[in-house]
Amino acid sequence: MLDERLRNLLQNMPKAELHIHIEGSLEPELIFELAQRNGVDLAYSSVEALREAYAFTDLQSFLDIYYAGASVLLKEQDFYDMTAAYLARAHADNVRHAEIFFDPQTHTARGVPFETVINGIWRACQDAPLSASLIMCFLRHLSEDEAIATLEQSLPYRDKFIGVGLDSSEVGHPPEKFARVFERARSLGLRLVAHAGEEGPPAYIESALDVLKVERIDHGVRSLESPALVERLAREQMALTVCPLSNIKLRVFDVMGSHNLRTLLDANLAVTVNSDDPAYFGGYVNENYFAAFEALPLDESHARQLARNSFQAAFVDPERKRAFLAEVDGFFANA
């Protein structure tokens, strides 16, 4: 049982969320509401039936239902409503800053214009009670040429997103497959991140760093299989955006008690805690903190470190970063 004082600290401490797929925040209730609004037929008879389908065994079985859920997103207002719902929930979890992934290819492949997608999400971010930035992700199960086309398609909206990422099915789609599109994105001044070392091997983390030249690793939990990589990540203070509940739901670890979050922290890695796809994985960012701290030997000092790490790893200007870190330090000084 999580100590009440520690639970309150985790609930109320200021934090950033750096690994959240906005399509993965689409709750079953909103899926049904949007399906009705847009005249989309779903394969599930009720909200309860859809929730029951969330019995994933691996990343691919999750992605299958994830893309089915996204099919209800057709109009700019749909994307606005989805994003606004996530941001309200994040605000309740005392998230001060969020960097949100979105997958335009999931939608443009269905005939939804890029403009519709980004304008709805971006508009919700402008109306939010916290700061929020967007990171456009390429789907790694598709070709690099398709990713390049998506990047070029995004350029008229360059002022609405800060970076690019790489997500979807990891195994069999190594980072180097996307070397050219990341080089192009880097030349445009975009920030660079990539999913690596979730189901893929440590070598994927290394190629994300060396070939794609990313500034953050999303997941990265398999880094511990390579002592040399762990030493490098610690030396470079390369942030890892770890998602504990996701890792359990997708069977990266069998139970939370066997998660390596504490080991990563003990290795002096710049770990952060995030929710990934909260509607599908059983919890938003605070639920991830609660679950990890209940199952693992983590205490107040780790909570403070994780909160600080989340802002240290954020793509914000130095002045805002100092202000966020001062807020964390002030919170714990008065706790």
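I began with helix H8 (residues 144-154), where Glu144, Ala147, Thr150, Leu151 and Ser154 are buried. Seen down the axis of H8, these buried residues fall within an arc of 115 degrees, so they line one face of the helix. An α-helix has 3.6 residues a turn, so residues three or four places apart point the same way. I note here that the model is predicted.

Next I asked what the buried residues of H8 pack against. I found helix H6 (104-108), helix H7 (114-126) and helix H9 (179-187). Two strands are also on the list, S3 and S4 (163-167).

**Helix H17**

I checked the length of helix H17 (residues 318-333) against expectation. At 1.5 Å a residue, its 16 residues should span 22 Å, and the end C-alpha atoms are 22 Å apart, which agrees.

Then I looked up which residues of H17 are buried. They are Lys321, Phe324, Leu325, Val328 and Phe332. They cover an arc of only 95 degrees around the axis, which puts them on the same side of H17. I noted that a lysine is in this buried set, as Lys321.

On the face turned away from the buried side I found the exposed residues Glu319, Arg322 and Ala333. The cover over the buried residues of H17 includes helix H1 (4-12), strand S2 (95-102), strand S3 (131-139) and H16.

The largest cavity has a volume of about 150 Å³. It is lined by 17 residues, and His21, Phe62, Leu63, Ser168 and Asp277 are the closest to its centre. Which helix gives the most to this lining? Helix H4 (residues 59-70) does, with 5 residues. By class I recorded 8 nonpolar, 4 polar and 5 charged residues in the lining of the largest cavity.

**The pocket**

Last, I looked at the open space. The largest pocket holds about 220 Å³. Its lining has 14 residues, and Gln237, Met238, Ala239, Ala270 and Gln312 lie nearest its centre. Helix H16 (residues 300-312) supplies the largest share of that lining, with 3 residues. The lining of the largest pocket divides into 6 nonpolar, 5 polar and 3 charged residues.

Note on methods. Residues numbered from 1 in each chain as written. Predicted model: local features only at pLDDT ≥ 70, side-chain atom pairs only at ≥ 80, totals over all residues. Heavy atoms only, no water. 1 Å grid on protein atoms, 1.4 Å probe; cavity = no way out; pocket = protein on both sides within 12 Å on 5 of 7 lines; lining within 4 Å. Points joined across faces, edges and corners; volume = space filled by probe spheres on them. Helix = DSSP H or I, 4+ residues; strand = E, 2+ residues; numbered from the N terminus. Nonpolar A, V, L, I, M, F, W, Y, C, P; charged D, E, K, R; others polar. Expected span 1.5 Å × (residues − 1). Buried < 20%, exposed > 50% of the residue type's maximum accessible area, 1.4 Å probe, protein only. Arc of directions from axis to C-beta. Contact = heavy atoms within 4.5 Å.
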